[in-house]
Amino acid sequence: MSAATTTDAQVSFRRPSGVRTTKNAIATVYVFLATALAVIPLAWVLYTVISKGIRLVLTQEWWLQSQRGITPRREGGGAYHAIVGTVEMALICAAIAVPIGILGAIFLIEYAKGTKVARAVSFTVDILSGIPSIVAALFIYALFITIFGLGRSAVAVSLALVLLMLPVVLRSTEEMLKLVPNELREASYALGVPKWKTILRVVIPTAFAGIMTGIMLGLARVMGETAPLLILVSYAVGINFSPTSDTMGALPTMINSGRDQAPQLPGYERVWAAALTLILISMLLNLLARFIARASKLKEK
Amino acid sequence: MAVTDTDATERVEPQPAAALDPSLSPAAGHVEHMHTPVPKVIHHAAAAPATIDQVDRAPRGVKLAKISRTGDRVFRALATTAGLSIVLLVLFVGIFLLALALPSLRADQDNFFTSRNWTVSGADLAFGIAGLLWTTVLSSVLAMAIAVPIAVGVALCLTQYLHKRASGPVSFVVDLLAAVPSIIFGLWGLTVLGPFLAPAAVWLTSKIGWIPLFSENVDPKGSVFVAAVVLAIMILPIVSAISRDVFAQTPRDHIEAALSLGATRWEVIRTAVLPYGRSGVISASMLGLGRALGETIAVMIILTTPAPSSPFSPSIFAGGETFASKIANNAAEFDSPSKTGAYIAAGLVLFVVTFAVNAMARIIAERGGAKS
Amino acid sequence: MAKRIDVRNVDIYYGGFHAVEGVSMTVEPRTVTAFIGPSGCGKSTLLRTLNRMHEVIPGAHVKGSVQLDGTELYGQGIDPVAVRRVVGMVFQRPNPFPSMSIYDNVAAGLRLNGVKNKKILDDAVERSLMSANLWNEVKDRLGKAGIGLSGGQQQRLCIARAIAVEPQVLLMDEPCSALDPISTLAIEDLIGELQEQYTVVIVTHNMQQAARVSDQTAFFNLAAQGKPGKLIEIGPTEKIFSNPDEKATEDYITGRFG
């Protein structure tokens, strides 16, 4: 079926038949189309959020004021309360999730590698990483509010976030610890350094960049989580630093509380500005994480 | 960067001939090259081993320090506690949720799995997850059906078609999608994408609306269709990143074997890359499915909650509620244990399904990896 | 500083697997002893029992006695960590700590064991780097990363790191097998100098190297297929390489196997 005319006696390097060339061309078009299609949503979302929210985000009040006293019909106010709330809840979560995650990874790799216990722990970490955020929030609700009767609070949100951040930190730390060559540990032992100091002063510093990356990615994830905020705390429009109070502002709930508003109202623009703020923080953390990962002394294979 | 080693001058002297006697070896011919004088680096004379006074010196022993073991014990205890507490935590979560859900399940007057009612206040509970199951599965499977072909296309493009220099930035952009919080996808989906897709939805309904799956147009903005598209965008980075990794690991010899037979690029992909990566892609798709199943907030924002009395519509253009969005939508109302228990029961079903999907993904990945 | 090593009837086990059997030997202070033999016959295994490094592998244990100037290293209540502070080790592939500078690498053994005094650390770093023939090359960049050096320099850095804690004995497990010939020669020269202060035991696959650097050579081999490794013959290097007692030794030296 060759397009070229050749005699049968010759050995010729024929061009592929028309059908094959067409299929190849279709495939090429398809993959490039797919790639274009994949890039479009990000550009579109960013364009939407930036175009609708940039005006407010560039003002000074946005970063310094809260929404106290502002109704959807009034201009003004800022997102300070929401930014502070988001960051505060994430940091409380990190304060719990990061040590447990790192110690858990140390347990799996340095102390219990290959044992049945390690496999059990690893399995439960897998389960934990599959918990939908709403179920994690429900659990904390049921435990603290229904059973203990404690009432809503920002701390409860942080606890729910711990369930979500812990597996991220643990898995990434685990991967980094696996990458640390065993020879480094042996070199340290050969100097007469006990195991715990070896882990603390040799292994962890070597894996540090990768561990930081995991923490950053975990933080970015929990800052964007809305479900726990919906269930476990009430949205506050004023500034509130106390983690035990039952109201706390946060960017996702700031967005959520305003999304039903009519587009003409000033409150509507604030919703988009809050969305832009949230994206900025998330992207910043992601980029920082990548940057740190590149500076890591342990290269992935 | 590296300084080359300074060349140490070798202080070398051939050994005195008496030390190496070639004639002693029976296979003299074989060993001749061995017994040419072997250069020995000269040490200072004093280092000649075992001089008289060193041999006579009584051994003085070595001082071995007393090592404190507390550091090791404490640290090991800390690490073990962390590991075990995670197990306990997960066990506790599971048992606790189950314990809370069971009373409500027992009090349920409808069949939990087949009923579409959701009466959870008051004394008589009648609730079932059939409607939730349908909407959840429909939206997630549709999302997967949209996302996977595109993700595979992207992965192939990045690994087989583009140069390293171009594929870096492009994969960066695709991965950056994962950095966008889901609430923003929800907001964007509702206000921008929904209206954009509405004409297409109307057109489709008018053409093939007789198929139940495509019927009805209650709210073209808040439909399962829009939610599925948004979910597809959200799971695209995961599926494409894993597929990319799998395709990039196709052994060079498979590819070169195909190329040497005169295959076109597409034929190389079809015969070498795709078969090798099949299990990886399936695994990636299931992970994406798991992610879509558990997505709460984007779906909550986009999907129009149908009125309780409205008839059930299987159409992708209808609204609905998924497990996650139903729980989130009613977050303000968990005032009684029996009501909360019903929602927890729904949450548990979601959790089990998500876990099963993720576990299957892992098994497929491992089995595929073992084959290669 | 250097001490004498007495190994008596040592058997080494990995779990139930008998890896090395019945080794007895003496290493005099300030000498270099080379362990030679084909792969898998116990040279490195035995070397690691001299500083109890085999114990990092779960289930590895030793029967018999290893004494350092009369002090039993496997005595009741003796901590392997303490043993390793007096018996140092250099490994096959250079392994400086990536998170530390050159200075920090050399000082690591002292610092991690509690030494804080800056003057002591400075002196130890300089002294060790000089003894390792590396001082002149790196004295102006002690703060730079240890992994930025060439292979041969990294290995000398590791040697400096090992001797900074002033061990009695220095164990070297094929220290040159990952290095180019010029670096190898540099390390061999270094061994000649280190011998003045330390007792050195070196495992090597390179027979010529053993002949070049050692005073005493020990030849290891498997007793038979599937059996544990054992010490076939040990003696002064010149004798082993020219007039060995055992046929197996001679066969190995002349290249008949291994």
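This passage describes the domains of chain A and the contacts of chain A with chains B and C in a predicted model. Local features require pLDDT of at least 70 and side-chain atom pairs pLDDT 80 or more, while totals for chains, interfaces and linings use all residues. Residues are numbered from 1 along each chain as its sequence is written, and chains are lettered from A in the order in which they are written.

Chain A is divided into domain 1 (18-58) and domain 2 (80-294), with bounds from an automatic or database domain assignment. The domain centres, taken over C-alpha atoms, are separated by 31 Å. Domain 1 of chain A gives 7 residues to the contact and domain 2 of chain A gives 8, where contact requires C-beta atoms, placed from the backbone, to lie within 7 Å. The domain 1 side comprises 5 nonpolar, 1 polar and 1 charged residues (nonpolar: Ala, Val, Leu, Ile, Met, Phe, Trp, Tyr, Cys and Pro; charged: Asp, Glu, Lys and Arg; polar: the others, Gly among them).

Between chains A and C, the contact takes 17 residues from chain A and 20 residues from chain C. On the chain A side, helix H7 (182-190) and helix H8 (195-223) are the elements that give two or more residues (helices are DSSP runs of H or I, at least four residues, numbered from the N terminus). This side has 10 nonpolar, 2 polar and 5 charged residues.

Helix H5 (residues 133-147) of chain A packs against helix H3 (residues 70-107) of chain B at an angle of about 70°, with axes 10 Å apart; axes are lines fitted to C-alpha atoms over the stretch in contact, and angles run from 0 to 180 degrees between N-to-C directions. H5(A) and H3(B) are therefore roughly perpendicular (65 to 115 degrees). Phe139(A), Ala142(A) and Leu143(A) of H5(A) meet Val93(B), Phe96(B), Leu97(B) and Leu100(B) of H3(B). The contact of H5(A) with H3(B) has 7 nonpolar, no polar and no charged residues.

Conventions: Contact = placed C-beta atoms within 7 Å. Parallel < 35°, antiparallel > 145°, perpendicular 65-115°, else oblique.
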